[in-house]
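Please read it with the sequence and the coordinates open.

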Amino acid sequence: MEKDIIDVIKSLGEFMSIGGAEASKIAQASEILGVEFAEDFKKYTQTFGAIRIDDIDLCGVVDYDAISTVALTQEMRDFSDFPMDCYVIESLGIDDIVCVQKSDGKVYQYAPDSELELIADSLGEYLLSENDVRNERSNYWKESAKDL
């Protein structure tokens, strides 16, 4: 049975939240992008807006471009191969690689000029997983910090 996204987030420990988005704002964001948001994403962003937990900045329907699903998705659409049926849920901050979600809830890694790579069946699974994406990002930033 799929775990509730709100329960998953609360189980992860301490996190920072921007504050929930109104249902009308979420619907407007969906319309702007021309995609249907997955149910878990709508519930998450309506409750929290966007969150930061550990090394994850999970995007949402917020007015801050750096973590705005709308702003980041529109930016990524500058790449000709960005899938139009996806929206950004997290920017990894490395080589334009992002994690995206489709309306069925599945989460993928997108990198320009590469095939989408399925990394989780839901937003909750993505947050709970110790996936390669998160490990690569952590290692990349640790190495980058050594050069400072």
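The points below take the sheet, the helix across it, the cores and the pocket in turn.

1. Basis. This is a predicted model, in which local features need pLDDT of at least 70 and side-chain atom pairs count only at pLDDT 80 or more, while totals for chains, interfaces and linings use all residues. Residues are numbered from 1 along each chain as its sequence is written, and side-chain values use heavy atoms, with hydrogens and water left out.

2. The sheet. Four strands form an open sheet in the order β4-β5-β6-β7, with antiparallel pairing. Helices (H or I, at least four residues) and strands (E, at least two) are DSSP runs, numbered from the N terminus; two strands pair if DSSP finds at least two bridges between them. β4 and β7 are the edge strands, each pairing on one side only. On average, neighbouring strands of this sheet are turned by 40 degrees against each other, direction ignored. Axes here are lines fitted to C-alpha atoms, for helices over the stretch in contact, and angles run from 0 to 180 degrees between N-to-C directions.

3. β4 and β5. These two strands run antiparallel and are joined by five bridges, with serine 91 opposite valine 98 in β5. They form a hairpin with six residues between them, and glycine 93 in the turn has a positive phi of about 75 degrees. Five of the six residues of β4 are buried, where buried means under 20% relative accessible area, exposed over 50% and partly exposed in between (1.4 Å probe, protein chains only).

4. β5 and β6. Strand β5 (residues 98-102) pairs with strand β6 (residues 107-110) in the antiparallel sense over four bridges. Cysteine 99 stands opposite glutamine 109 in β6. This pair is also a hairpin, with four residues between the strands and a positive phi of about 95 degrees at glycine 105 in the turn.

5. β6 and β7. Three bridges pair β6 with β7 in the antiparallel sense, and valine 107 has alanine 120 in β7 as its bridge partner. The hairpin has six residues between the strands; aspartate 113 in its turn has a positive phi of about 65 degrees.

6. Tyrosine 108 counts as buried because its relative accessibility is 13%. Leaving aside neighbours within four places in sequence, tyrosine 108 is in contact (heavy atoms within 4.5 Å) with Val98, Cys99, Val100, Lys102, Leu116, Glu117, Leu118 and Ile119. Tyrosine 108 and leucine 118 are 10 residues apart in sequence, and their C-alpha atoms are 4.4 Å apart.

7. Helix α4. This helix (residues 69-76) lies across β4, β5 and β6 and runs at about 110 degrees to β4. Six of its eight residues are buried: Thr69, Val70, Ala71, Leu72, Thr73 and Met76. What covers them includes α2, α3, β4, β5 and β6.

8. Cores. A nonpolar core is a set of buried Ala, Val, Leu, Ile, Met, Phe, Trp, Tyr and Cys residues joined through side-chain atoms within 4.5 Å. The largest has 35 residues, and those with the most contacts inside it are Phe37, Tyr44, Leu58, Ile89 and Tyr126. The elements that give two or more residues to this core include α1 (5-11), α2 (23-33), α3 (39-48), β4 (86-91) and α5 (123-128). α1 gives the most, with four residues. A second, separate core of 10 residues includes Leu72, Cys86, Val100 and Tyr108.

9. Tyrosine 44. Not counting residues up to four places away in sequence, tyrosine 44 touches Ile5, Ile6, Ile9, Gly49, Ala50, Ile51, Leu58, Cys59, Gly60 and Leu123.

10. The largest pocket. A pocket is an open set of points, on a 1 Å grid over the protein atoms alone, where a 1.4 Å probe fits, with protein on both sides within 12 Å along at least five of seven lines; lining residues have an atom within 4 Å of a point. The space in the largest pocket is about 270 Å³, with grid points joined across faces, edges and corners and the volume taken as the space filled by probe spheres set on the points. The lining has 16 residues, of which Ala21, Lys25, Val61, Val62 and Asp63 lie nearest the centre of the pocket. α2 and α4 are the elements that give two or more residues to this lining, and α2 supplies the largest share, four residues.
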